[in-house]
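Hi everyone, thanks for coming.

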Amino acid sequence: MPPKKAPVATPTARFGRVKNNLKMGVVGLPNVGKSSLFNLLTSQSAAAENFPFCTIEPNEARCPVPDERYDFLCDLWKPPSTQPAYLFVTDIAGLIRGASEGAGLGNAFLSHIQAVDGIYHVIRVFEDGDIVHVDDTIDPIRDLETIQGELCKKDLEIVQKAISAEELAVRKAGGKIKISPLFHSTMDKIVDMLNNNVPIRSGEWSSAEVELINEKARLITTKPIVYLVNMSQADYVRKKNKWLLKIRNWIDEHGGGVMIPFSVDFEQQLWALRDDPVQQAEFAKETGALTALPKMITTGYKELNLIYFFTTGDKEVRAWTVYNGAPAPEAASVIHTDFQKAFVKAEVVSYEDYKSLCNGQKGMAAVKAAGKYRIEGKTYIVRDGDIIHFQIGTLTASKKK
């Protein structure tokens, strides 16, 4: 009797949208370094002046995702066209206490946060008499609690609107439909958490509850957060600051999240030397510190549950962004929307196998000889770093319609 197949694990539902074009939003109090960081990440020139609410409308840009695998493929193929994966980033105006009640144009700014898919929360931990702090003194724990409190209050407003909308739908249906027990229990749980300033992502949720929340209420506190701790250059170089452990403990006690220390001052000085590699190397050697920007970008990309696959050839090397868990036909659709319907098969090799077998040569001959060139069908789930060639059939006129 043949052995029984192992049961296939049912993937746990995730909060948020299942899309390929997700965004991280840079959030925090005024004058903590948000816009300066945004400029560094995206090589833009967004206004970053020393007064509150310098940023009113959100600035949006993209930054390339650094990856040694992509660099290797570009160096190997040397095509005329190259295209890395990109992370989309939005610079959102500073929030203050009372934002959820409209203080400091807070309702508009909170709506901007609701529109992104993940959050870079910037916290400033250094004193500087030349940089105004909205509360006059530096207290990162107070600042963290201020932002979290405003986000929870905004979510409470969103949930209450969702409950009212559901009740209105029932009334309009004349009693022909009822509010499900799942809706009642989930919303009661959410309201209780938010009233206690507890972010929704920190709770334990079933897949059914997560799917209901995604459908009925796009909540800010379900979004993944990366905490970016802006230090003075001196503290960043010596890797010490009295607030770091306190912030780490606060994060662990309030829903968790990645914490990345950095210094806007250090990054700006390093960036200013970008056209002089010798001076830049001397500055890096003198300080003994490394840029934190690549880690921020790759962490933000990962927290959004994004991956990418590669296409390679003499004309182009390109990284294509898809959500983690995308089947091959959906991955093909990011190249062209018609490819999903006309998908035939995917010819796949992992990056690791390709690099170890290609012997520094273009093409797939050595990979095929080693038996590592796979033919995959419609159910194949694309993996990060796959190198794929899609076989696409011809759409009939009826299918095109």
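I'll begin with the whole protein, then go to the sheet, some helices, and a few single residues.

A quick note on where the values come from: this is a predicted model, where local features need pLDDT of at least 70, side-chain atom pairs count only at pLDDT 80 or more, and totals for chains, interfaces and linings use all residues. Residues are numbered from 1 along each chain as its sequence is written, and side-chain values use heavy atoms, with hydrogens and water left out.

Okay, the overview. The protein comes to 16 helices and twelve strands. Those are DSSP runs numbered from the N terminus, with helices being H or I of at least four residues and strands being E of at least two. There are 401 residues, and 47% of them are buried. Buried means under 20% relative accessible area, exposed means over 50%, and partly exposed is in between, using a 1.4 Å probe and protein chains only. Now contacts, meaning heavy atoms within 4.5 Å. Take those between residues at least 6 apart in sequence: 72% of them join residues at least 24 apart.

Next, the sheet. In general, strands of a sheet pair through backbone hydrogen bonds, either parallel or antiparallel. For us, two strands pair if DSSP finds at least two bridges between them. Here we have an open sheet of six strands with mixed pairing, in the order β2-β4-β1-β5-β6-β7. Which strands stand at the edges? They're β2 (59-64) and β7 (258-262); each has a single partner strand, so one side of each is left without a neighbour in the sheet. From one strand to the next, the twist averages 25 degrees.

β2 pairs with β4 (residues 86-91) over six bridges, in the antiparallel sense. Look for Asn59, and you'll find Asp91 of β4 standing opposite.

Two helices to spot around this sheet. Helix α1 (residues 34-42) lies across β1 (23-27), β2, β4, β5 (118-124), β6 (225-230) and β7, and runs at about 40 degrees to β2. Helix α8 (residues 244-253) also packs on the sheet, where α8 touches β5, β6 and β7, and its direction makes about 160 degrees with that of β7. For these angles, axes are lines fitted to C-alpha atoms, for helices over the stretch in contact, and angles run from 0 to 180 degrees between N-to-C directions.

Now a helix pair. α5 (residues 181-195) and α6 (residues 207-216) pack at about 80 degrees, with their axes 10 Å apart. That makes α5 and α6 roughly perpendicular to each other; the cut-offs are under 35 degrees for roughly parallel, over 145 for roughly antiparallel, 65 to 115 for roughly perpendicular, and oblique for the rest. Residues making the contact include Leu182, Phe183 and Ile190 of α5, and Leu212 and Ile213 of α6.

On to strand β9 (residues 316-323). Six of its eight residues are buried, so β9 is largely enclosed by the rest of the structure. What does β9 pair with? With β3 the pairing is parallel, over three bridges, and there Gln83 has Arg318 as its bridge partner. With β8 it's antiparallel, over six bridges, including the one between Ile307 and Val322. β8 and β9 form a hairpin, with four residues between them.

Leu151 sits in helix α4 (residues 140-172), and it counts as buried at 5% relative accessibility. Leu151 and Leu110 are 41 residues apart in sequence, yet 7.5 Å apart in space, C-alpha to C-alpha. Beyond its neighbours within four places in sequence, Leu151 contacts Leu95, Leu110, Ile113, Ile119, Ile220 and Thr221.

Then there's phi. Most residues other than glycine have a negative phi. Lys78 isn't a glycine, but its phi is positive, at about 45 degrees. You'll find Lys78 in the loop between α2 (68-77) and β3 (81-83). Asn305 has a positive phi too, near 65 degrees, and lies in the loop between α11 (293-303) and β8 (306-311). Are these two buried or exposed? Lys78 is exposed at 66% relative accessibility, whereas Asn305 is buried at 16%.

Last stop, the cysteines. Cys63 is buried at 0% relative accessibility, and Cys358 is buried at 4%.
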